[in-house]
Amino acid sequence: MNIDKEELGETRVMEQLTDDTTPSQDLKSDTEPKKKKPEENGVLSFFKDILISFLIVFVLVNFIVRPIQVKGRSMYNTLEDGYFGFSNLIGYRLGGLKRFDIVIVYLPEKDEYIIKRVIGMPGETVEYHNNQLFINGEQMDEPFLDQSYVDSYDGQFTGDFTSEKLGDDEYFCMGDNRPHSSDSRFYGAFKKKNIMSKGAFIIYPFNGFGVYTW
């Protein structure tokens, strides 16, 4: 019987210990902050990265540069079909345009973008005679043209014409490959509001890598 009492007493002690520790464990679990599951942290991090990437891309393509891809031969042999790169938004907005800048022009009637080169500036008259450029009657060179390619057309590379005097917000733009370019000779002068950016930084293909006005 003594053994039974000791066993009962030991049982009561163990029960007491158990009773004493249980509230403290419950209290600890109530006061400790709940840890987020690794899966939750991973999902939040993923969407955070996506949002940051989206914001960076948005700022880049709306305020700094815009991606471009050359389609067609109108800028040959400066820019060739399939060239991919970027055009300068911020430089255009801060520095404006100068003669012979390469520009991206929006055609609202076709809802498409074309790439050309600025030849005539606001207030000027553009004339070509025997493949020679004249601005307000003054002869000007076009050093960006490949003379051997020009000569291959036997005097008919650009064709003779005289433009109307350009308005205060108008630019006369042409492709470098004059016989194969629809430009201001066809569409008329382009309004400044329809010129979206200037320059071309080509990154692919690698044999075309480089900056073409900026």
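Modeller: A polar contact of 3.3 Å joins the side chains of Glu-170 and Lys-191. The model is predicted: local features need pLDDT of at least 70, side-chain atom pairs count only at pLDDT 80 or more, and totals for chains, interfaces and linings use all residues. Residues are numbered from 1 along each chain as its sequence is written, and side-chain values use heavy atoms, without hydrogens and water.

Biologist: Why is Glu-170 called buried?

Modeller: Its relative accessible area is 17%. Buried means under 20% (1.4 Å probe, protein chains only), so the label holds.

Biologist: How do you know that strand S3 is largely enclosed?

Modeller: Six of the six residues of S3 (residues 102–107) are buried, so the rest of the structure largely encloses this strand. Ile-102, Ile-104 and Tyr-106 are buried on one side, and Val-103, Val-105 and Leu-107 on the other.

Biologist: What makes S3 and S4 a pair?

Modeller: Two strands (E runs in DSSP, at least two residues, numbered from the N terminus) pair if DSSP finds at least two bridges between them. Six bridges join S3 to the antiparallel S4, so they qualify. Tyr-106 has Tyr-113 as its bridge partner in S4.

Terms used:
Buried < 20%, exposed > 50% of the residue type's maximum accessible area, 1.4 Å probe, protein only. Polar contact = N/O pair within 3.5 Å; in protein donor to acceptor, adjacent residues only side chain to side chain. Helix = DSSP H or I, 4+ residues; strand = E, 2+ residues; numbered from the N terminus.
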